[in-house]
Amino acid sequence: MMTFSARPARRTTVSAVAVAVVAVGLSVLSGCKGGSSGAGATAPASSSASSAAPAASAAPVAGAFEPEQALAEAEKTPYAASLKAVTEAAGSEMSTMTGRFNLGTVFTGRSEIRSTGRWMESVTTADANYVRNRTQEGSGWVKTPRSPDNEANYAGYGKLLLAAGPSAKKGMENRGGVPVYHLAGHLDLDQVASIDPRTHRSMKAKGVTGFDIDQWIDSQGRTVRFEQRMEMRGVQAVNKIDFSEFGPVETFAAPQG
């Protein structure tokens with residue numbers, strides 16, 4: 001039987017949790033089924049590079065709006081958005097995703113996922129998911145079926161927070177010059193089963209029972225910033241997502257080559 005000192009044991013624990021954290025992060029943010037891209041095999045980075053989010057101000061904001069009305073509008077009007085998502089565990093960056101996706105409709109888009117020693121690329125179309133490992137020279141695209149419940153219902157998350165009561169309404173703020181409404185609260189995992197079943201399954205399999213959310217939406221109900229914090233096997237993990245460059249729904253075709 002082997003024994004380890006406290007410090008190496010801690011590193012081993014965080015490394016093991018990194019696999020699960022990135023798998024959950026990819027399940028939440030990409031067209032991949034939980035961990036199917038292989039990015040979950042990475043170890044934590046030696047230093048953390050947090051995502052650069054525009055500062056929010058609690059000062060009076062012009063253009064105030066009610067979040068209920070804004071979220072209802074978002075569900076009626078699909079859109080495309082660019083995003084940057086950072087997944088962290090124990091304060092260290094596990095992976096960074098950048099890409100562009102259609103939201104509020106059938107989830108399609110393209111992304112790049114980078115972590116220590118790994119660079120994955122993914123394209124999600126209406127009927128399939130394509131992944132290639134850019135760290136392996138000559139690696140081609142691998143086609144897999146898309147999950148039937150692969151959707152990104154951020155408006156649904158906002159409605160769940162509002163349903164928790166007045167405490168979820170943190171008020172108007174200004175983020176990067178844009179008037180936004182800040183929502184926040186804790187959701188039990190089973191609460192999200194109806195709006196995000198794929199994430200529910202992925203998190204439940206890894207022992208997550210709930211998580212804290214901060215969400216900032218604009219006057220059209222589009223999510224501008226989304227932060228999700230949870231404990232996974234004794235390690236604090238967080239997903240931070242910034243959305244920008246909103247526009248009409250786009251077409252994402254299968255990659256060539």
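## The largest pocket

(Ala, Val, Leu, Ile, Met, Phe, Trp, Tyr, Cys and Pro count as nonpolar, Asp, Glu, Lys and Arg as charged, and the others, Gly among them, as polar.) A pocket here is an open set of points on a 1 Å grid over the protein atoms alone where a 1.4 Å probe fits, with protein on both sides within 12 Å along at least five of seven lines; lining residues have an atom within 4 Å of a point.

This pocket holds about 160 Å³ of space, a volume being the space filled by probe spheres set on the points. Nearest its centre, among the 13 lining residues, are Gly104, Ala152, Asn153, Tyr154 and Ala155.

## Where the numbers come from

This is a predicted model, where local features need pLDDT of at least 70, side-chain atom pairs count only at pLDDT 80 or more, and totals for chains, interfaces and linings use all residues. Residues are numbered from 1 along each chain as its sequence is written, and side-chain values use heavy atoms, with hydrogens and water left out.

## Phe211 and its contacts

Who does Phe211 touch, leaving aside its neighbours within four places in sequence? Its contacts (heavy atoms within 4.5 Å) include Tyr157, Leu187, Val192 and Met203.

## Helix H4

Helices are DSSP runs of H or I, at least four residues, numbered from the N terminus. In H4, residues 197-205, Arg198, Thr199, His200, Ser202 and Met203 are buried, meaning under 20% relative accessible area (1.4 Å probe, protein chains only). Just after H4, Gly207 takes a positive phi of about 85°.

Definitions and conventions. Buried means under 20% relative accessible area, exposed over 50%, partly exposed in between (1.4 Å probe, protein chains only). Helices (H or I, at least four residues) and strands (E, at least two) are DSSP runs, numbered from the N terminus.
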